[in-house]
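Work through the exercises below with the sequence and the coordinates at hand. Each task is followed by a solution in steps.

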Amino acid sequence: MNAQERLRLLHDLERLAAGEAENVGSPMERLFLPLPAHALALRPEIVVVRGGRGAGKSALFKLIGTLGGTDRLRRFFQDDRLPDASWVEAFAQSARHPDVAVLDTFAAEADADALRAFWMAHLLLRIAEQMPELATPPAPLREVWEMDRTDPKVWVPVAQAHLGAVAQALDRAELALEQKKTTVFAAYDHLDRIGAFAPDVRRRYVGALLALWLSFANRYRAIRAKIFLREDLFDAGELGFPDASKLRARSVSIEWDVASLYRVVVRHMAEASDELRRWLARVRHGLVLEDRGEFGWMPGPMNEDTQKAFATQIAGEVMGAGARKGYTHRWIPNHLQDAQRRIVPRSMLNLFGFAGREASKHPLTKGSRLVTPTDLGEALVATSRARVGEIKEEYELVSRLDSLRGAMVPLDRDEVLRRVAQPVVGEPAGIPTDGKMVFEELFRLGVLSLRPDGRIDVPDIYRSGFGILRKGGTARAR
């Protein structure tokens with residue numbers, strides 16, 4: 001390829017990086033990669049959708065709104081079993097729901113009955129707000145909720161006093177939906193923000209919510225839940241009430257294996273430009289693109305041979321030299337995974353996009369490769385910074401890793417606990433100064449890992465972004 005063609009390809013590749021994917025100009029249904037777990041999560045019998053930050057829960061519901069109808073949804077997922085449905089935001093981190101700090105305070109005084117009343121009344125009130133023709137809450141509850149919706153201490157006692165009327169209103173909504181032969185899905189997200197530093201509080205809320213929907217399982221067919229939980233919260237919630245294990249069969253986990261992550265990259269590249277799509281056609285060993293019309297180009301399965309062929313065409317077969325030499329297609333996921341061995345699609349896209357940006361500064365002059373191993377090394381640092389920014393927005397206590405800046409990992413456990421106990425500049429109020437408590441939450445998030453010898457490590461996807469060092473780690477090029 002000539003120099004101009006290579007630069008055009010690199011600029012198109014750069015658009016995969018964070019903040020640039022939207023500039024492709026393609027609707028979401030031409031970029032979203034449907035997995036079998038996504039279609040399964042949309043079926044009525046599934047109550048709990050398990051998945052971590054960045055697994056694609058928000059993207060899934062944005063896609064549902066974008067597709068604008070069940071018929072297109074069925075065609076997109078190629079699943080005729082998906083029901084006619086509307087979606088209600090039953091709980092999320094927004095001004096339409098109680099703040100998690102307020103919920104934590106409320107839990108200190110609330111018993112199990114009060115927590116159940118909270119979830120039951122809040123469900124009715126949110127359905128009534130989004131679909132007023134479907135549900136009518138008791139007037140006293142509606143009035144107090146409209147005045148103090150973010151303070152359950154004010155309106156939950158009213159809900160408890162009118163709990164029979166709340167149940168009747170939900171029953172009437174169920175009957176109306178049955179007559180229309182349609183479904184309402186109540187979606188619950190950001191539950192991991194409740195009781196962030198009080199595991200018992202979080203367990204009680206999650207347990208009460210799961211118990212409520214388990215009791216609804218036989219009563220309601222048209223009103224259904226989609227409860228999004230981290231794996232560890234689901235396990236904790238199960239401990240909170242009898243028969244909770246029955247929900248395990250009504251759950252699905254959204255997980256991204258390496259093959260699916262490579263397919264995400266190929267899907268975005270194929271949509272970015274005709275030139276990149278033609279470049280992809282040069283990759284051998286089974287790389288297939290199917291034209292799905294309005295839904296864009298869909299990559300076929302990518303086994304390890306196909307992954308290797310793709311990564312080799314991008315950046316060459318190996319990274320490093322000598323004893324440290326390794327295959328590029330394995331180096332990529334190995335350096336993007338967190339301490340729980342999870343990789344989010346955005347990090348995969350960022351790595352290739354940032355590599356394109358680096359390579360465009362000093363493009364190769366011959367051959368068909370687009371980037372060099374050095375470009376990938378630089379892109380990993382930028383990808384780590386982007387990932388750190390993402391998780392800081394979601395979990396403020398992650399900022400405590402700034403206390404490890406300049407340190408060389410792995411570190412002794414006592415040293416890490418001492419450091420993360422110290423507040424860092426600019427952090428919000430309320431983060432505890434108990435190092436063990438902070439460490440346990442960072443460990444659950446996959447930001448820190450515990451080595452067999454008891455020392456603490458930080459995966460590369462976070463280490464570089466926080467300026468934490470590792471002997472023999474990924475070096476900054478140039």
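The model is predicted, so local features need pLDDT of at least 70 and side-chain atom pairs count only at pLDDT 80 or more, while totals for chains, interfaces and linings use all residues. Residues are numbered from 1 along each chain as its sequence is written, and side-chain values use heavy atoms, with hydrogens and water left out.

**Exercise 1. The cavity**

Task: Determine how many cavities of 30 Å³ or more there are, and describe the lining of the largest cavity.

Solution: 
- Step 1. A cavity is a set of points, on a 1 Å grid over the protein atoms alone, where a 1.4 Å probe fits but cannot get out; lining residues have an atom within 4 Å of a point. Points are joined across faces, edges and corners, and the volume is the space filled by probe spheres set on them.
- Step 2. The search returns one cavity of 30 Å³ or more. The largest cavity holds about 60 Å³.
- Step 3. Its lining consists of V47, W213, F216, A217, Y220, I223, R224, A225 and R250.
- Step 4. Helices (H or I, at least four residues) and strands (E, at least two) are DSSP runs numbered from the N terminus. On this basis α10 (199-216) and β4 (223-229) each supply at least two lining residues, and β4 gives the most, with three.
- Step 5. Ala, Val, Leu, Ile, Met, Phe, Trp, Tyr, Cys and Pro count as nonpolar, Asp, Glu, Lys and Arg as charged, and the others, Gly among them, as polar. The lining then has seven nonpolar, no polar and two charged residues.

**Exercise 2. D375**

Task: Decide whether D375 is buried or exposed, and find which side chain makes a polar contact with its side chain.

Solution: 
- Step 1. D375 is found in helix α17 (residues 373-394).
- Step 2. Its relative accessible area is 1%, so D375 is buried.
- Step 3. A polar contact is a pair of N or O atoms within 3.5 Å; within protein, one must be able to donate a hydrogen and the other to accept it, and residues adjacent in sequence count only if both atoms are side-chain atoms. The side chain of D375 makes such a contact with that of H362, at 3.4 Å.

**Exercise 3. Backbone geometry**

Task: Identify what kind of peptide bond joins V409 and P410, and compare the accessibility of Q78 with that of H190.

Solution: 
- Step 1. Most residues other than glycine have a negative phi, and most peptide bonds are trans.
- Step 2. The bond between V409 and P410 is cis, with omega about 5 degrees. P410 is in the loop between β10 (408-409) and α18 (413-420).
- Step 3. Q78 has a positive phi, near 55 degrees, and is exposed at 60% relative accessible area.
- Step 4. H190 has a positive phi, near 60 degrees, yet counts as buried at 19% relative accessibility.

Terms used. On a 1 Å grid over the protein atoms alone, a cavity is a set of points where a 1.4 Å probe fits but cannot get out, and a pocket is an open set with protein on both sides within 12 Å along at least five of seven lines; lining residues have an atom within 4 Å of a point. Buried means under 20% relative accessible area, exposed over 50%, partly exposed in between (1.4 Å probe, protein chains only).
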